[in-house]
Amino acid sequence: MNPAAGFAALAAVCTATVLIGVYGLRISRTTGDFYVASRTVPPWWNASAIGGEYLSAASFLGVAGLILMTGLQGLWFPIGYTAGYLMLLLFVAAPLRRSGAYTIPDFAAARLDSRPARLVTSAVVVVVGWLYIVPQLHGAALAVTITTGQPGWTGAVLVVLVVVCSVVTGGMRSITFVQAFQFWLKLTALAVPLFFVLLLLGTGSRPITDGGAAFLPGDGAGFPVYGTISLLVALLFGTLGLPHVLVRFYTNPNGPAARRTTLIVLGLLSVFYLFPTMYGVLGRVHTPDLAAAGQADATVLLLPGRLIGGVPGDLLTALVTAGAFAAFLSTTSGLVVSLAGVVSQDLFRGSVKGFRWAAVLSALVPLAAALSTDSLALAGSVGNVFAFTASTICPLLLLGIWWRGLTDAGAIAGMLTGALLCGGAILLAAALGGALGPFHELLEQPAAWSVPPAFLATIAVSRATPSRRPASVSRMMARLHAPERS
């Protein structure tokens, strides 16, 4: 790819992001604007924004890379990512909106009437957010290196600078505009080059799927039964606890709007994931060398240029690059907003000035982590974050919404149990790798055995401490489940 086209694409998407963020400053004045956009975001707009922040580096680049390496087994990622939103629709979306809280720790404090539960929840949310931001910065480093030849750290730093600028100027209302724009940019950036690639292959002599060989598993790379089940548990339950997604439901005007938003998101995700899936399939036929070279995550970036040469190929690659950078920016900005809301509430008394300082802090810590670590397979690293979230925040939310017997001691015990089991397993697998032998897969994909103990610990400790059940539980449960007008 011509580096000039890569620079132009990065400049265009970053400039558009900053300008839209500055526009949000004109209508972001109150604390409610900064935290939850004053709860006035309509379903279609909010669904586009959720799609913008949820479709991260793992979705834009990682899914195609996994399909390139594993064949059909890689399809479990987009299936799990999308099905997780069905869980949101059924169990979380409307009650969470009716809770009236700004953040997940706010919900924990209101439901459990406990300062310690709030603090533990805040710590877990911050850890989840930081773990999720790091792969976005790794993805930005990969994209910048592939398309411009510049050092990878420049991509990570550029993402943080643009995100911080957008967040501190307009908060949630500003980021809503930015993320909605970025979702449609990402969809266009995948669809348009794919259209021309398929048109070229359909009218030429080169195969599209090589007689079905593209759908066969990779050599020893497919997920076995346990890994597939554990992955689905992580993706289905982990989606329920993603802080940057959950905070979006606080911006809907009411519960029915939250449910409609989730339905629209399901449709948008279903359409979006068709495109990285096709890139992965085409990559197995036309760019199989990327898997051997350890560049599977670059399939989406390199495929259009490989098949369509010259200036048209450079232009299409520039469009894909812009979409990829939009993915890094939108997800990182959503995470920074959600983390800033949590940190500012606990450390800076919830003021707008405190929100801005918290946003800077929330972005700089994962930047330091990203610069000091090597990039992992994007979809796989984000899958670990889902497993951790499913083991910690998910039990608090599901039991807090649907079981009146939950106590603060039970919630804390569940979160700590899940964090120790899941976090410890992931760290051990990363440190020891193949030395673990047959236990490596159990530790690398821990959700199947780390999520149930987290739920059991929450329930057991709650039953053992009935005196800690808050006096306001009946009123809070009625608030969560009372029907609303449309």
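Me: At what angle do helix α3 and helix α16 pack, and how far apart are their axes?

Reply: Two packed helices are described by the angle between their axes and by the distance between the axes. In this predicted model, helix α3 (residues 43–54) packs against helix α16 (residues 310–347) at about 105°, and their axes are 6 Å apart. Angles of 65 to 115 degrees count as roughly perpendicular, and α3 and α16 are therefore roughly perpendicular to each other.

Me: Which residues make the contact between α3 and α16?

Reply: On the α3 side they are Gly52, Glu53 and Tyr54, and on the α16 side Ser330, Thr331 and Gly334. By class, the residues of this contact comprise one nonpolar, four polar and one charged.

Me: How many salt bridges does a search of the whole structure find?

Reply: The criterion is a side-chain nitrogen of Lys or Arg within 4 Å of a carboxyl oxygen of Asp or Glu. The search finds three salt bridges. One of them joins the side chains of Arg118 and Asp106, at 2.5 Å from N to O.

Me: Where do Arg118 and Asp106 lie?

Reply: Arg118 belongs to helix α8 (residues 115–148) and Asp106 to helix α7 (residues 104–112), so the pair ties together parts that are twelve residues apart in sequence.

Me: Which residues make the nonpolar surface patch of about 470 Å²?

Reply: The patch is made by Leu347, Phe348, Trp357, Leu361 and Val365.

Me: Which helix gives the most to the nonpolar patch?

Reply: Helix α17 (residues 352–371) gives the most, with three residues. Leu361 lies in this helix.

Conventions
Residues numbered from 1 in each chain as written. Predicted model: local features only at pLDDT ≥ 70, side-chain atom pairs only at ≥ 80, totals over all residues. Heavy atoms only, no water. Axes fitted to C-alpha atoms, helices over the stretch in contact; angles between N-to-C directions. Helix = DSSP H or I, 4+ residues; strand = E, 2+ residues; numbered from the N terminus. Parallel < 35°, antiparallel > 145°, perpendicular 65-115°, else oblique. Contact = heavy atoms within 4.5 Å. Nonpolar A, V, L, I, M, F, W, Y, C, P; charged D, E, K, R; others polar. Patch = residues over 30% accessible without salt bridge, like charges linked within 9 Å, V, L, I, M, F, W, Y side chains within 5 Å. Areas by Shrake-Rupley, 256 points an atom, 1.4 Å probe, with all protein chains shown as cover.
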